[in-house]
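The sequence and the model are shown first.

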Amino acid sequence: MASDVIVPQDAQMTQGERSQFYTSRRNAIAKVQQAKYKGLLPTLSQTVIKCTDCTIRATMYAHRDYRKPLDVQPVCQWCNAKRGRALW
């Protein structure tokens, strides 16, 4: 894993790191919402798209890296939970 990539664990993060992580997360989620509003990403509640990890219907977009806010994959809630937290 590259040294500039941090996999956050709340118990191991300082208050500043935790704040930076959640700010990055909020910004990435907001960019996805804007993209859906502009029609750049389909709204999953109105479109049937399969989860990228399994074959059931995707219910959300998952980030693997919050530094790339529009690099998302449609996933179901179970696969999203299995993936764990995104990088930042």
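Helices here are DSSP runs of H or I with at least four residues, and strands are runs of E with at least two, both numbered from the N terminus. The model is a predicted one. Just after α1, Gly39 adopts a positive phi of about 85°.

Helix α1 itself has 24 residues and reaches 35 Å from its first C-alpha to its last, close to the 34 Å expected at 1.5 Å a residue. Phe21, Ala28, Val32 and Ala35 are buried in α1, and the buried residues of this helix pack against β1 and β2 (72-75).

The largest pocket holds about 410 Å³ of space. It is lined by 21 residues, of which Ile29, Tyr61, Ala62, His63 and Asn80 are the closest to its centre. Two or more lining residues come from each of α1 (15-38), β1 (60-63) and α2 (77-83); α1 gives the most, with 7 residues. The lining divides by class as follows.

| Class | Lining of the largest pocket |
|---|---|
| Nonpolar | 11 residues |
| Polar | 6 residues |

His63 belongs to strand β1. Is this residue buried or exposed? His63 counts as buried because its relative accessibility is 9%, and the cut-off for buried is under 20%. The side chain of His63 reaches the backbone oxygen of Pro69 at 2.9 Å. Apart from its neighbours within four places in sequence, His63 is in contact with Ala28, Ile29, Val32, Lys68, Pro69, Asp71, Val72 and Ala86. Among these contacts of His63, Ala28 and Val32 are buried residues of α1.

How values were computed. Residues are numbered from 1 along each chain as its sequence is written. This is a predicted model: local features need pLDDT of at least 70, side-chain atom pairs count only at pLDDT 80 or more; totals for chains, interfaces and linings use all residues. Side-chain values use heavy atoms; hydrogens and water are left out. On a 1 Å grid over the protein atoms alone, a cavity is a set of points where a 1.4 Å probe fits but cannot get out, and a pocket is an open set with protein on both sides within 12 Å along at least five of seven lines; lining residues have an atom within 4 Å of a point. Grid points are joined across faces, edges and corners, and a volume is the space filled by probe spheres set on the points. Ala, Val, Leu, Ile, Met, Phe, Trp, Tyr, Cys and Pro count as nonpolar, Asp, Glu, Lys and Arg as charged, and the others, Gly among them, as polar. Buried means under 20% relative accessible area, exposed over 50%, partly exposed in between (1.4 Å probe, protein chains only). A polar contact is a pair of N or O atoms within 3.5 Å; within protein, one must be able to donate a hydrogen and the other to accept it, and residues adjacent in sequence count only if both atoms are side-chain atoms. Contact means heavy atoms within 4.5 Å. The expected span of a helix is 1.5 Å times one less than its number of residues.
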